[in-house]
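Here's a quick briefing to read with the model open beside you.

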Amino acid sequence: MTRTMTHPNPICVAVDTPDLAKALALVTALRDSVGYVKLGMEFFYAQGAAGYSAVAKAGIPVFLDLKLHDIPNTVEQGLRSLMALAPAPAIINIHATGGLEMMQAARKAVPASTKLIAVTILTSLSNDNIWAAGLDPARDTADHALNLARLTKQAGLDGIVCSPLDLAGVRAALGPDFLTVVPGIRPADTAANDQKRIATPASAIAAGADILVIGRAITGAADPAAAARAILASLA
Ligand code: C5P
């Protein structure tokens, strides 16, 4: 199956820095050339709500990538605190391995105006890693990830974070409307760095990605806005 873009600009730039000035310089430069900005633990734990608001006020919708995972009540109340951030994040995430009840509790805290998505199996984990942690050794990471993606949908969440290589299976099992946010993206002419399971932006969109999380290929470029525009042009 070949899909086309579901967002006018599906690029989500990963601002992986603890530094507020660097983050602000990036979002200012990228305001007209990306669709989303991703802020994670590295930024949020250093800069808190004030730093978040400063970046979010630059006008690019924010994916707040904090991957909550705790008992249902704690995740629900934690998300209520995060939903008081201004402006509210466009996308926020939790771990699917927290279970159905945790995800259902999370859903109660997040209004439909913010997309709530789940991480299934971290792509840093191998089969040996998940089996050592006690997951069913008759099933591999892809099986466990698909099972958790189904559970995520059952809990009423909007979608998942997944690898480009998981897209075909996820789309086949969960349909066209389940939001897929996909890291591990490398334009054909850029370095893989530490990423192993990679795809080009165009092939990830064709395989069913809705949003592409792209860090160093944009943030490490001499002209980040030009790099983002070139990636967007490659999708047209
Ligand atoms: O620089 P790069 O494009 O590899 O950055 C990708 C971003 O996506 C980083 O913020 C990284 O932490 C995140 N990420 C990932 N793989 C996952 C989940 C998140 O690369 N499975």
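Is Asp65 buried or exposed? Asp65 is buried, at a relative accessible area of 7%, where buried means under 20% relative accessible area, exposed over 50% and partly exposed in between (1.4 Å probe, protein chains only). Keep in mind that this is a predicted model, so local features need pLDDT of at least 70, side-chain atom pairs count only at pLDDT 80 or more, and totals for chains, interfaces and linings use all residues. Residues are numbered from 1 along each chain as its sequence is written, and side-chain values use heavy atoms, with hydrogens and water left out.

**Salt bridges**

- Side chains of opposite charge can pair when their charged atoms come close.
- There are eight salt bridges in the structure, each one a side-chain nitrogen of Lys or Arg within 4 Å of a carboxyl oxygen of Asp or Glu.
- Asp65 has Lys67 as a salt-bridge partner, at 2.9 Å from N to O. Lys67 is partly exposed, with 24% relative accessibility, while Asp65 is buried.
- Arg171 pairs with Asp210 in another salt bridge, with 2.8 Å between the closest N and O atoms. Arg171 sits in helix H7 (residues 167-174) and Asp210 in the loop between helix H8 (201-207) and strand S8 (211-214), so this pair ties together parts that are 39 residues apart in sequence. Helices (H or I, at least four residues) and strands (E, at least two) are DSSP runs, numbered from the N terminus. Arg171 and Asp210 are both buried.
- Asp194 and Arg216 make a salt bridge too, their closest N and O atoms being 2.6 Å apart. This one links distant parts of the chain, 22 residues apart: Asp194 is in the loop between strand S7 (179-182) and H8, and Arg216 is in helix H9 (residues 216-219). Asp194 is exposed at 53% relative accessible area, and Arg216 is partly exposed at 39%.

**Pockets**

- A quick word on method: on a 1 Å grid over the protein atoms alone, a pocket is an open set of points where a 1.4 Å probe fits, with protein on both sides within 12 Å along at least five of seven lines; lining residues have an atom within 4 Å of a point. Grid points are joined across faces, edges and corners, and a volume is the space filled by probe spheres set on the points.
- The largest pocket has about 1200 Å³ of volume. Its lining counts 43 residues, and Lys67, Thr123, Pro183, Gly184 and Gln195 lie nearest the centre. Strand S2 (36-40), helix H2 (41-56), strand S3 (62-68), helix H6 (141-154), S8 and H9 are the elements that give two or more residues to this lining.
- By class, the largest pocket's lining splits into 18 nonpolar, 14 polar and eleven charged residues. Here Ala, Val, Leu, Ile, Met, Phe, Trp, Tyr, Cys and Pro count as nonpolar, Asp, Glu, Lys and Arg as charged, and the others, Gly among them, as polar.
- The second largest pocket holds about 180 Å³. It is lined by 13 residues, with Pro187, Asp189, Thr190, Ala227 and Ile231 nearest its centre. H8 and helix H10 (224-235) each give two or more residues to its lining, and H10 supplies the largest share, four residues.

- Glu76 belongs to helix H3 (residues 72-82) and is buried, with a relative accessible area of 9%.
- Beyond residues up to four places away in sequence, Glu76 touches Ala105, Lys108 and Ala109, contact meaning heavy atoms within 4.5 Å.
- In helix H4 (residues 100-109), the residues Met102, Met103, Ala105, Ala106, Arg107 and Ala109 are buried. Their cover includes S3, H3, strand S4 (91-95), strand S5 (115-119) and H6.

- His95 lies in strand S4 and is buried, at 12% relative accessible area. Leaving out residues up to four places away in sequence, His95 touches Lys67, Leu68, His69, Met102, Val119 and Leu122.
- Ala145 is in helix H6 and counts as buried at 10% relative accessibility.
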